[in-house]
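Colleague: I would like to go through this model with you and ask where its labels come from. Please give me the rule each time.

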Amino acid sequence: MNTTNELRKSIKALIAEKKVDLFLAWEKGSLPLTATPLFVSTEDQADRAVFDVTCGNNLSIYFTKDRKQFANRKVGIAVKGCDARSVVLNILEKQIQRENVVIVGVPCDGVLDRKKVLAKTDGREVLELIDNGETVTVKGNGFDLLLNRNEILSSSCLACTYPDAQEYDVFIGDARGEVPNESRLKEIHDFQALSASERWDKTRNEYERCIRCYACRNVCPSCYCNVCFVDQNDPKWIGSTCDYTDTLIFHVIRNLHVAGRCVECGACQRACPMDIDLLMLNRKVAMEVKDRFGDIAGLDINGKPAMSDFREDEKQKFIMG
Amino acid sequence: MNKEFKPRITSFLCKWCSYTGADLAGTSRLQYSTSIIPLQVMCSSRVDPVFLLKAYLSGSDGVLLGGCHPGDCHYETGNYHTRRRFALVKEVFESLGLESERLKLSWISASEGPKFARVANEYTEEIRKLGENPTRKSIFL
């Protein structure tokens, strides 16, 4: 609750000093497991803002998916560590100007994955959620469960390396600092150690479930092409079925399009109705980008996104002739 | 199976170097493999990963991408971007359990007709050893 109060205070201050016309934050959702994005333009509205374990939405997607509203306006935004990297990426890709955004970092201990909570309650509807810090209490009709925080956190949060905003104007509360996260790498190495046919089966098991709802693309802060390649029909790159050929093309190409730009916020995985492990390939590509090109998406505001940059002397052993 | 396996290799060649190189191989009367199916693109960096994957999953036994030598790009830096992108595409191919040797990138300049013929022949031979594209059997197209 303390963070919430601090957040409200700083929103009010920013609006009162006319530093921002609009502030993006979260408010208590109409359903207990998800917060709703909140657009604050007056001081009174700031009292609705909250920050807790349900605030999974990466608010930076509004900059690119709702361009008209944000053109030439001073906008404030509340960010978790991953969201801050998205904002930086948007700035680097010239979607917004740095001077037009006021970034307010909030201390993040991870956000929950709705599907994990519902698995714990056996699908029974949750009517109330209380965040006690280390544990979370969920209440519903005829049940009252005390859950360990680690059981319900989004898998992207369990493997988070940068929980604090690296680029901000205001930071409220205490920063957690950089979290060395070996588990994230171990998972990838384990996957890489499998044989080719095992990797084929494993990825097939995941992507075959895809129903092509494009929820992952729509929540992705890095996916903002005016016309996505899956929506193009002349030429038509991808069939419109849910056969494995088509779902595979969709996921692999989406992955390559966000290569070096994915901030691993896990929004795609939380949005997926089929519970597909979408982050695996993203992490693998992010690791490859870091190893080969030495770049981590959205950390350095003076840098360049990896895939729009190059060095002349890169290794090119794979090139023929 | 008595019929000899003849691979199909979809080749994306950049207009300024590789395609002109292929043209030179032709006008110089050099023999090269007929497995190569050349497609002209304006720059090797115009080739989105979706081209490569689509070509592969549509049944090509190999995919060849040809561009100018580093530093010689008609658009100055296009092929440097291609190189980065291609490295990742190969990695992702590996991760999916697909054979990344079926994707090839080669720098062929406009004056390298003989090199084009050599690369075409060598790559065809390599693919012939690997055999037919296995995804033709494992996923229906």
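Modeller: What follows sets values against definitions, one label at a time.

This is a predicted model, in which local features need pLDDT of at least 70, side-chain atom pairs count only at pLDDT 80 or more, and totals for chains, interfaces and linings use all residues. Residues are numbered from 1 along each chain as its sequence is written, while chains are lettered from A and ligands numbered from 1 in the order in which they are written.

Colleague: How many helices and strands are there in chain A, and what makes a stretch count as one?

Modeller: Chain A has 13 helices and ten strands. Both are DSSP runs numbered from the N terminus: a helix is H or I over at least four residues, a strand is E over at least two.

Colleague: How do you know what radius of gyration a compact globule of 321 residues would have?

Modeller: The rule is 2.2 Å times the number of residues to the power 0.38, and the radius is taken over C-alpha atoms. For 321 residues that comes near 20 Å; chain A has 20 Å, so the two agree. The C-alpha trace of chain A spans about 65 × 50 × 40 Å along its principal axes.

Colleague: Why is Leu127(A) called exposed?

Modeller: A residue is buried if 20 or more other C-beta atoms lie within 10 Å of its own, exposed if 12 or fewer, and partly exposed in between, with C-beta atoms placed from the backbone. Leu127(A) has 12 within 10 Å, so it is exposed. Leu127(A) lies in strand β6 (residues 126-131). Leaving aside neighbours within four places in sequence, its contacts are Pro32(A), Lys139(A), Gly140(A) and Asn141(A); a contact means C-beta atoms, placed from the backbone, within 7 Å.

Colleague: Which label do Lys94(A) and Tyr214(A) get by that count?

Modeller: Lys94(A) has 7 other C-beta atoms within 10 Å, so it is exposed. Tyr214(A) has 17, so it is partly exposed. Lys94(A) is in the loop between α4 (81-92) and β5, and Tyr214(A) is in the loop between α9 (196-207) and α10.

Colleague: What makes their phi values worth a remark?

Modeller: Most residues other than glycine have a negative phi, and most peptide bonds are trans. Phi of Lys94(A) is near 60°, and Tyr214(A) has a positive phi of about 65°. As for peptide bonds, the one from Asp234(A) to Pro235(A) is cis, with omega near 0°.

Colleague: How do you know what span helix α1 of chain A should have?

Modeller: The expected span is 1.5 Å times one less than the number of residues. Helix α1 (residues 2-16) has 15 residues and should therefore span 21 Å; its end C-alpha atoms are 21 Å apart, which agrees. Its buried residues include Leu7(A), Ile11(A) and Leu14(A).

Colleague: Why are α13(A) and α3(B) called oblique?

Modeller: Angles under 35 degrees count as roughly parallel, over 145 as roughly antiparallel, 65 to 115 as roughly perpendicular and the rest as oblique. Axes are lines fitted to C-alpha atoms, for helices over the stretch in contact, and angles run from 0 to 180 degrees between N-to-C directions. Helix α13 (residues 279-293) of chain A and helix α3 (residues 78-95) of chain B pack at about 140°, with axes 10 Å apart. The pair is therefore oblique. Among the residues making the contact are Leu281(A) and Val285(A) of α13(A), and Leu88(B) and Val92(B) of α3(B).

Technical notes
Two residues are in contact if their C-beta atoms, placed from the backbone, lie within 7 Å.
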